[in-house]
Every structure is written in C-alpha cells, then in structure tokens.
Amino acid sequence: MPAPLVVNDSVVIPDAELVWRFSRSSGPGGQGVNTTDSRVELVFDLAATTALPPALKERALARLGAAMITIAASEHRSQLRNREAACQRLAQRLREAIAPPPKRRRPTKPTRGSVERRLATKKARSDVKRLRRDV
C-alpha cells in the first residue's frame, strides 16, 4: 500500500514520511496467529513533515503535544486491513489536530419574555406550595 495518505482536500502525506512496523498480533487468528505479522504500527514524525504548512504544523503540535504519532492496529486478522485501519486513524487524528478552532460564542442576554415566563412559573409554583401549607 505505498500510496500517499490523504488527510483532507489540501493535506496529503507522502508515503516516504510514514514508517511501518509489523509484529505478531494477539487475539483471533487460529494457527496463523503464531506465524503472521498482522499487528501494525504506523509512526509519523509530525515535527519533520513537509506535508503540512507551518501554521497547521504548529497547531497540530500544540494540540497533540507530541512530535511523533504512533498508531497501533491489531483488531483485524489480516495485515492489509490493519494497515488500512491505522491509516484511517492517523488521518482522523490529524484532521482533528489541524481543524480551525471553533468560533467564539457571543454572550447574549436572556430575552425579556423568557425572564418574565421564568418568574411567572416560579410565582405559580410558590403559590401552589403556599396553598398547601395554609390548609
């Protein structure tokens, strides 16, 4: 699978920047589990990448707090499916890390009607409790 990793429309990570490691996986697999290296580790050096513009790289480093991102996948029996899962997870993590910050909330006051309705409800509840007491 020597294909570039597409993070979003503007960010594509070349395959040369991805480091793959394989090992034996625990879990299901029958007799083949002892002989196949189906567990996958995908390592990406965020600090050294040339795929991200400097502003996005700074944002990602600040949010992730680590220069090296390691993704391990061993939930599938085949190495190919684990590689695909690791790619998807890395792309998702990078998408979240480079996303622009959410817009700031503009503080608003409650409307006059909502304040009046709230106070009317409190008054009605108070009257109900007062009438219960006076019996």
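A nonpolar core is a set of buried Ala, Val, Leu, Ile, Met, Phe, Trp, Tyr and Cys residues joined through side-chain atoms within 4.5 Å, where buried means under 20% relative accessible area and exposed over 50% (1.4 Å probe, protein chains only). The model is predicted, so local features need pLDDT of at least 70 and side-chain atom pairs count only at pLDDT 80 or more, while totals for chains, interfaces and linings use all residues. Residues are numbered from 1 along each chain as its sequence is written, and side-chain values use heavy atoms, with hydrogens and water left out.

The largest nonpolar core has 25 residues, of which Ile13, Leu18, Phe44, Leu90 and Leu94 touch the most other members. At least two residues each come from β3 (18–23), β4 (39–45), α1, β5 (68–73) and α2; helices (H or I, at least four residues) and strands (E, at least two) are DSSP runs, numbered from the N terminus. The largest contribution, eight residues, is that of α2.

In helix α1 (residues 54–64), the buried residues include Leu56, Lys57 and Ala60. Seen down the helix axis, the buried residues of α1 fall within an arc of 100 degrees (taken from the directions from the axis to the C-beta atoms), so they line one face. The face turned away carries the exposed residues Pro54, Ala55, Glu58 and Ala62.

Part of the cover over the buried residues of α1 is α2 (79–98). Contact (heavy atoms within 4.5 Å) joins Leu56, Arg59, Ala60, Arg63 and Leu64 in α1 to Arg93, Glu96, Ala97 and Ile98 in α2.
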